[in-house]
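Here's a friendly walk through one protein model, in question-and-answer form. Have a look at it first, then read on.

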Amino acid sequence: MIIKENVKSVEEFNLLYDAVGWGSYDNHITKKALDNLSKSIDLNLKIASELKYKDKSRTTYYIKLAETKAKKINSEKVWKEFYPKAYQIYLEMDAFDLALDYLLRDYEFYKHTNQIKKYEIENQLGIINAKLINHEKALYYFKEISNYHLKENQYDLLAKAYNNIGLSHYSMNESDSSL
């Protein structure tokens, strides 16, 4: 059994993790092995988050390592935890194209639901598309969330959505529509 205090580095942990066989996919993976794999995913994402402003290539390495481990589990629960964390790290690095990729993957779980998470992601999709100068896509998502806020009588959030719609029109040089 690997004891956390005896592992000197994440690289050593990952090597030992794979060497012991926890990293290999098997139809009879035990709950403990799955828990250890989940912990490894979390650890890699935590390291990526700590490195995001210091070393972008190592940050990407740890995110990809976490993603590889998530693929071994391949459960909806793991992906719903992984995608938002990877998105947030890339967003904070201003790597908007990579952030958008993970956000869209997360959106796939919610886009045909009425869960609040769907509308939160749509708002994020609007904002990130606006940053990427994809104004038409941004406008689409802002209109989607404005319809939701109107239906739910969330007028403060509706005002923010309308503001974002106006800014999107203005960015597309449609000043008449931005008013």
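Q: Which helices each supply at least two residues of the lining of the second largest pocket?
A: Keep in mind that this is a predicted model. The pocket's lining includes I116, Y119, I145, Y148, L157 and A161. The helices that each give at least two residues to that lining are helix 6, helix 7 (135–151) and helix 8 (155–171).

Q: How do the lining residues of the second largest pocket divide into nonpolar, polar and charged?
A: Among the residues that line this pocket are E120, N123, H149, Q154, K160 and N164. The pocket itself has a volume of about 180 Å³. By class, its lining splits into six nonpolar, four polar and two charged residues.

Q: What is the pattern of the protein chain, read along the sequence?
A: Let's step back to the whole chain. Its secondary structure comes to nine helices and zero strands. Reading along the sequence, you get α-α-α-α-α-α-α-α-α.

Q: What share of the residues of the protein chain count as buried?
A: To be buried, a residue needs a relative accessible area under 20%. Of the chain's 179 residues, the buried share is 41%.

Q: Which residues is I128 in contact with, leaving aside its neighbours within four places in sequence?
A: A contact here means heavy atoms within 4.5 Å. With the sequence neighbours set aside, I128 touches Y87, L91, F96, A99, L100 and L103.

Q: Why does L91 count as buried?
A: L91 sits in helix 4 (residues 76–92). Beyond its neighbours within four places in sequence, L91 is in contact with F96, A99 and I128. Buried means a relative accessible area under 20%, so L91 counts as buried because its relative accessibility is 19%.

Q: How far apart in space are L91 and L103, C-alpha to C-alpha?
A: Both of these residues are in contact with I128. In sequence, L91 and L103 are 12 residues apart. In space, their C-alpha to C-alpha distance is 9.8 Å.

Q: Is K52 buried or exposed?
A: K52 is found in the loop between helix 2 (31–51) and helix 3 (56–73). Not counting residues up to four places away in sequence, K52 touches T59, I89, E92 and M93. With a cut-off of under 20% for buried, the 10% relative accessibility of K52 makes it buried.

Q: Which residues line the largest cavity?
A: The structure holds one cavity of 30 Å³ or more, and about 40 Å³ of space lies in the largest cavity. Helix 2 and helix 4 each supply at least two residues of its lining. By class, the lining has three nonpolar, one polar and two charged residues. They are S38, I41, D42, V78, E81 and F82.

Q: What is the phi of D94?
A: Most residues other than glycine have a negative phi. D94 lies in the loop between helix 4 and helix 5 and is exposed, with a relative accessible area of 54%. Its phi is positive, though it isn't a glycine, with a value near 65°.

Q: Where is N153?
A: N153 has a positive phi of about 55°, although it is not a glycine. With a relative accessible area of 49%, N153 is partly exposed. Its place is in the loop between helix 7 and helix 8.

Key: Residues numbered from 1 in each chain as written. Predicted model: local features only at pLDDT ≥ 70, side-chain atom pairs only at ≥ 80, totals over all residues. Heavy atoms only, no water. Helix = DSSP H or I, 4+ residues; strand = E, 2+ residues; numbered from the N terminus. Buried < 20%, exposed > 50% of the residue type's maximum accessible area, 1.4 Å probe, protein only. 1 Å grid on protein atoms, 1.4 Å probe; cavity = no way out; pocket = protein on both sides within 12 Å on 5 of 7 lines; lining within 4 Å. Points joined across faces, edges and corners; volume = space filled by probe spheres on them. Nonpolar A, V, L, I, M, F, W, Y, C, P; charged D, E, K, R; others polar.
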